[in-house]
Amino acid sequence: MEADPEAAPGKVPTAVAVAVLLAGSVLVMDPGGWHPFGPSKWLAITVAASAAAAVSLRSGVDLHRPSLTGWLAFLAWTVITSFVALDPVSAWLGTPDRRLGVIGMTTLFASYVGGMGVSTGGGRRLVARVAAVATSLAGVSGLLEVIGRPMVELTTTTDRISSTLGSPAYLGAALCLLIPLSAGLALDGTESGPWRMTGAVGTVTGVLLLA
């Protein structure tokens, strides 16, 4: 009897970890904290990405050799240059103005390893569903900003929407990744009606925010 690939050991936990990473990166915030978005969101991303990579490796993920080689070469160069940087601390930690350091790049690599572990139809379906939910909630938050009732009050010099990301640039980048997943879920004829509707809501609200 052939084993069911959907039930392979480690495959489901890997998809769950990646889904948590995706949801956390979009939705986690701490309005009552030192900063509504940065610290709490980066904590969620770092922990979830590390967990996703660990579970993926433990499940015996088959990493794509060319992209793996590229990643390792890039990380090696990032580490080498950090030792001769004018500001070594920032080279490792990054800076507040969207410049990632070695730790940030390593976190992205961990996300890559985790994502490669989502290799079953069921895992991809879970990630798409979470993406649709996250996009829908971010869409609601963004629309509240449009009508002047944001979930978090920010002092900013732009009238662009930042939603649950706290930054129009981050929001735009996230939506470019989330909208295709939401649209795919909405157009999936094998999905149930409620999930297809969730995908449609995520797609429409995501496109509105992106615009």
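Trainee: How do the axes of helix H2 (residues 38-58) and helix H5 (residues 102-116) cross?

Mentor: Axes are lines fitted to C-alpha atoms, for helices over the stretch in contact, with angles from 0 to 180 degrees between N-to-C directions. In this predicted model, local features need pLDDT of at least 70 and side-chain atom pairs pLDDT 80 or more, while totals for chains, interfaces and linings use all residues. The axes of H2 and H5 come within 7 Å and cross at roughly 45°. Residues are numbered from 1 along each chain as its sequence is written, and side-chain values use heavy atoms, without hydrogens and water. Helices (H or I, at least four residues) are DSSP runs numbered from the N terminus.

Trainee: Which term describes how H2 and H5 lie to each other?

Mentor: Angles under 35 degrees count as roughly parallel, over 145 as roughly antiparallel, 65 to 115 as roughly perpendicular and the rest as oblique. H2 and H5 are therefore oblique.

Trainee: Which residues of H2 and H5 meet?

Mentor: Contact means heavy atoms within 4.5 Å. Trp42, Ile45 and Ala49 are among the H2 residues that meet H5, whose partners include Thr107, Ala110 and Val113.

Trainee: At what angle do helix H3 (residues 65-83) and H5 pack?

Mentor: The angle is about 170°, and the axes of H3 and H5 are 10 Å apart. H3 and H5 are therefore roughly antiparallel. Their contact includes Trp71 and Phe74 of H3 and Phe109 and Tyr112 of H5.

Technical notes: Helix = DSSP H or I, 4+ residues; strand = E, 2+ residues; numbered from the N terminus.
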